Amino acid sequence: MNALNNVANAQAVGASFVKVENTAPLKDGFLSIVLDNQDPYIANKKQSEKDIQDGLTALYVRLSNDDKIEGESNSIATQKKILERYCKEKGYTGLRYYDEDDGYSGTNFDRPGFQRMLADIKAGKITRVLVKDMSRFGRDYLQVGMFTDVLFPSLGVHFVAVNDGVDSKRGDNEFAAIRNIFNEMYARDTSKKIRAAWQTKGRSEHLTVHPIYGYKKNPDNKKQWIIDEEAAAIVQKIFSMCMDGMGTTQIAGWLRKQRILCPSAYNKQNRAKSPHKPPKDPCKWTAQSISTILTRLEYLGHTVNFRTTKESYKSSKLLFNHPDDWVIVENTQDPIIEYSVFWTVQNIRRGRKRRTTTGIPDMFSGLMFCPDCGQKLYRTRKYNGKDTHFYTCSKYHLDSKYRPCTAHYIGNVALETVILRNLREAISYVSQYEKDFIREMSDISIAERDRELAKSKTELTKAESRIIELDEIFKRLYEDNINGKLSDERFIKLSGDYEREQDELKRLADIMRRDINEREKRKTDAKHFVAITKKYTDLQELDATVLLEFIEKIYVYEKDKQAKTQEIQIVYNFIGAFDFVQATAQSGNILTAKTTEKTA
């Protein structure tokens, strides 16, 4: 309790919850976020015991949650009575109970009571094991057979399943294997029914028992989450600090310094159940916990189910599902984070952290792309005595002899000038013609998306056709080599060239398929873009935060050496590519300006 005396709340660090509105549909880009979830920590129960004499009879009882439905006949108390009566009839004394496994599945042998009994058996303390029936021992016939037919006989342990008439000393095991198979079939069938019920339930409500940090259960409806304003203020503060450029480690350090309770300690203080045990230091925030918070779609007001799964009913190991397999139920609770803020934070965290040789991140890192090959543009320092640098296509540098792509060279000064001017024009246009902008975006978004999709699908079809064609070429080359028409050296060279071409086509085809799927699901959201422009009414200079809020990608085309011009295309967040210069000219009823930007 002494550790809790020196903690701070949200108000003490200047954080207060601000109610947000969130009516935006989810972008498909969010589903590419695979969160850093942890497997639940299961503490193994440890019990110190005094040495006991040899020759004990183990009375093992088990009851799963599914067995409880069957009523009193399978209850722990009933099982004990049956075993005690049997021991009295047989004159067995020195009884020891293993009754901890209440609520454990028969397909899982990593049960505390079973493991404790197994340890005593291996230590030579147990000479006899009694169970009510074979299903109480387990429902995996291979595992059950290993214990009853191999391990127990080798250790001289007498095994009895009372109601099934199984007694290893009398040799009454003829039908035990068949019973074990039926027990496993029952477990498999039960697992299918439970999974089907969960799948149905998971499409309409929360499956998790514990609300995440920032929410709490509605006292009037336990299935509904409501905002916990104290914790929600800290969540908003975490997103704000990330927007300001702080990393997860820095944010965690700041929260520790301010003595803010970590989620598990906060839940304990507020008497809320938590799947995690609080650390010794109640203010021990970690970079991983911050990262998890920053990628939680629930803060947008949505429910996310089936992030994890199990390979089978026999396995307790959690496997992470692909985001396509998640079930997202939108607008199930009030949002804590605005859609635009969440989107910007994901962009910040999408690996756009490439640092320069000076250790300072480049603000354009991860934003610039080559329109010809699709690869990123990388920064290169210019050694001319000035603090200047330039950007070139990364594929251009892969092979200095053949140059698989052109340089797409652009200097940082010219780039910053063009981008700053375009952003100012965007802010000016939206502030003057907000209604026209929203109406125009709704009119052109569908047509433009259809054109882009048609073009991408045509390119994908060509790539897939060429991949099939290369397979046929491989076959002909192989036949020519076998028939002696083509030498081994020539075959190796040609097949190697074609194989590299096919591998590259397959890679590009995969990229195009993902891009097509994403674009088909993407919806234009002009209102969120408008909200961003209102935050920067007097934009004077660029930084990483401004760029990531406004821009999704920047395409830099090769220079037109004759016209001495270079085209730069900006793809904005929420709205895609949009020519604000032309839109301003049309709205102002003046001469249409050129869309090509000149760079020195």
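In this predicted model, strand E1 (residues 56-63) and strand E3 (residues 126-131) are paired in the parallel sense, with four bridges between them. Within that pairing, alanine 58 lies opposite valine 129 of E3. Both strands belong to an open sheet of five strands, whose order is E2-E1-E3-E4-E5 and whose pairing is mixed. Strand E2 (95-102) and strand E5 (166-167) are the edge strands, and because each has a single partner strand, one side of each is left without a neighbour in the sheet. Helix H2 (residues 112-122) packs on this sheet, where the helix touches E1, E2 and E3, and the direction of H2 makes an angle of about 150° with that of E2.

Two packed helices are described by the angle between their axes and the distance between the axes. For H2 and helix H4 (residues 141-154), the angle is about 30° and the axes are 11 Å apart; since angles under 35 degrees count as roughly parallel, H2 is roughly parallel to H4. The crossing in which H2 passes H4 is right-handed, and the residues that meet there are Phe114, Leu118, Ile121 and Lys122 from H2 and Phe147, Leu151 and Phe152 from H4.

A further helix pair is formed by helix H6 (residues 229-243) and helix H7 (residues 248-257), whose axes come within 10 Å and cross at roughly 135°, an angle that makes H6 oblique to H7. This crossing of H6 and H7 is right-handed, and the contact involves Ile234, Lys237, Ile238, Met241 and Cys242 on the H6 side, with Ile251, Trp254 and Leu255 on the H7 side.

How many of the eight residues of helix H14 (residues 526-533) are buried? Six of them are, so H14 is largely enclosed by the rest of the structure; the buried residues are Ala526, His528, Phe529, Val530, Ile532 and Thr533.

Turning to the whole protein chain, the secondary structure comprises 16 helices and 18 strands, and 43% of the 600 residues are buried.

Conventions: Residues numbered from 1 in each chain as written. Predicted model: local features only at pLDDT ≥ 70, side-chain atom pairs only at ≥ 80, totals over all residues. Heavy atoms only, no water. Helix = DSSP H or I, 4+ residues; strand = E, 2+ residues; numbered from the N terminus. Buried < 20%, exposed > 50% of the residue type's maximum accessible area, 1.4 Å probe, protein only. Pairing = 2+ DSSP bridges. Contact = heavy atoms within 4.5 Å. Axes fitted to C-alpha atoms, helices over the stretch in contact; angles between N-to-C directions. Parallel < 35°, antiparallel > 145°, perpendicular 65-115°, else oblique. Left-handed = near helix turned anticlockwise from the far one by under 90°.
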